[in-house]
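Hello,

Here is the structure you asked for. Please have a look, then read my notes below.

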Amino acid sequence: MNVKEKKNSEAAEKSISIFERAAQMGHEQIIFCHDEPTGLKAIIGIHNTVLGPALGGTRFWNYATEEEAAIDVLRLSRGMTYKSAVSGLNLGGGKAVIIGDPLQLKNEAFLRRFGKFVNSLAGKYITAEDMNMKTRDMEYIAMETKHVTGLPMELGGSGDPSPITAFGVFMGMKAAAKKAFGSDSLTGKKIAVEGVGQVGMYLVEHLAKENASIYVSDINNDRLKQVANKHGATVIEANKLYDLDVDIYAPCAMGATINDASLKRLKVAVIAGAANNQLENENIHGQILVDKGITYAPDFVINAGGVINISSELSGSYNKEVALNWTEKIYDTTQAIFAKAEAENIHTQKAAMHLAEERIEQVGRVKLSL
Ligand code: NAD
């Protein structure tokens, strides 16, 4: 695709209606929530409920436009369907976005009003934390609905999912190392971690324990220095990370960092990280990774520790050991995806999506039987 074609296709992509978009992506339901007195504007996206209720966090973000928020909720909710399906969970995919500045809007009434909207869906959608939503916010939502997870441990919840997400990413990275280097040991491997927030920080801890050579970048300098000092990592300027001569790149900040520009600079053998929607364009960049000989561990497969943790909370009695054991299986799932990609001569993102789709179809058929 040349530049002009790319621009045209992006323009066409932007101009399609919400129903056309939902039809293309396969969504079941989209709910627009509005409350004048609190200023609440939210969209709940329910992508697929074949395997179970649609579970996914609520993202509070100051979107530039309502369309941007709608596209985000559609992409994120679809991602949750794939993530839960490939992880063997009996959950569907959903997500919510709240539009506006969290610092100005967030208060008890606002969050409880959102909780009422979630409650009106009678359990078809179960919410949790996402960007700019904390366990304290979940407590307010929980005052209006029982369809909420990620509550603090003191209230019987599973608490912060980040440590378990990081453990899953670590498992997926080891499986990818095994594929690329013939051994899953990360000792001595040079690993660049982009973003040392909640997940990146715990990932660095695992990597340090395994004596990897760690390089870290973050736009938050205080945090960056703190994590680097604690684990003996080398600090790298954020815009220089892609030029490093390292073995593994772990995107743990924003999505879409695997794109035309970064792929021209990256010299790694493996990409495995926590960020959601890492490929700017699933089909185009998934294939470029294959062509460049980079082993890519699909994001929604290896960052599923958080949703696995939350699903354990749904059973009514949260058990960390159960969640950790389930998350450890990410190693095997990642290996199964590499094998499928190779056998079917497709890129790993596509293989992971197919694995999820096959499970939804097969279990869906079982559910229909008497
Ligand atoms: P976070 O907000 O705690 O951390 C993100 C970090 O990235 C921050 O420290 C931020 O300063 C940094 N950052 C932002 N832009 C950057 C840039 N251009 N270069 C370098 N650093 C940059 O978020 P988190 O909870 O650690 O999540 C990280 C990623 O993993 C997100 O994409 C999130 O959606 C995804 N994820 C998180 C979980 C979870 O359990 N928290 C689960 C699944 C997926």
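**Ligand contacts**

An oxygen atom of the ligand sits 2.6 Å from an N or O atom in the side chain of Asp218. Keep in mind that this is a predicted model.

Thr165 places a polar side-chain atom 2.7 Å from an oxygen atom of the ligand. Ser162 has an N or O atom in its side chain 3.4 Å from a nitrogen atom of the ligand.

How much of the ligand does the protein bury? Taken alone, the ligand exposes 820 Å², and the protein buries 75% of that.

**The shell**

There are 22 residues around the ligand. Those that come nearest are Thr165, Gln198, Val199, Asp218 and Ala253. By type, the shell divides into 8 nonpolar, 9 polar and 5 charged residues. Which elements give two or more residues to this shell? They are helix 7 (162–181) and helix 8 (198–209).

**Helix packing**

Helix 7 also packs elsewhere. Its axis and that of helix 14 (residues 320–328) come within 9 Å and cross at roughly 25 degrees. Angles under 35 degrees count as roughly parallel, so helix 7 is roughly parallel to helix 14. The crossing of helix 7 past helix 14 is right-handed.

A second pair is helix 5 (residues 108–120) and helix 6 (residues 135–142). Their axes come within 7 Å and cross at roughly 60 degrees. Helix 5 and helix 6 are therefore oblique to each other. Helix 5 passes helix 6 in a right-handed crossing.

**To start with**

For a first look, open the ligand site and find Asp218, Thr165 and Ser162. Then follow helix 7 to helix 14.

Best wishes

Conventions: Residues are numbered from 1 along each chain as its sequence is written. This is a predicted model: local features need pLDDT of at least 70, side-chain atom pairs count only at pLDDT 80 or more; totals for chains, interfaces and linings use all residues. Side-chain values use heavy atoms; hydrogens and water are left out. A residue is near a molecule or strand if one of its heavy atoms lies within 4 Å of it. A polar contact is a pair of N or O atoms within 3.5 Å; within protein, one must be able to donate a hydrogen and the other to accept it, and residues adjacent in sequence count only if both atoms are side-chain atoms. Accessible areas come from the Shrake-Rupley method with a 1.4 Å probe; for residues, only the protein chains shown count as cover. Helices (H or I, at least four residues) and strands (E, at least two) are DSSP runs, numbered from the N terminus. Ala, Val, Leu, Ile, Met, Phe, Trp, Tyr, Cys and Pro count as nonpolar, Asp, Glu, Lys and Arg as charged, and the others, Gly among them, as polar. Axes are lines fitted to C-alpha atoms, for helices over the stretch in contact, and angles run from 0 to 180 degrees between N-to-C directions. Angles under 35 degrees count as roughly parallel, over 145 as roughly antiparallel, 65 to 115 as roughly perpendicular and the rest as oblique. A crossing is left-handed if the near helix is turned anticlockwise from the far one by less than a right angle, and right-handed if clockwise.
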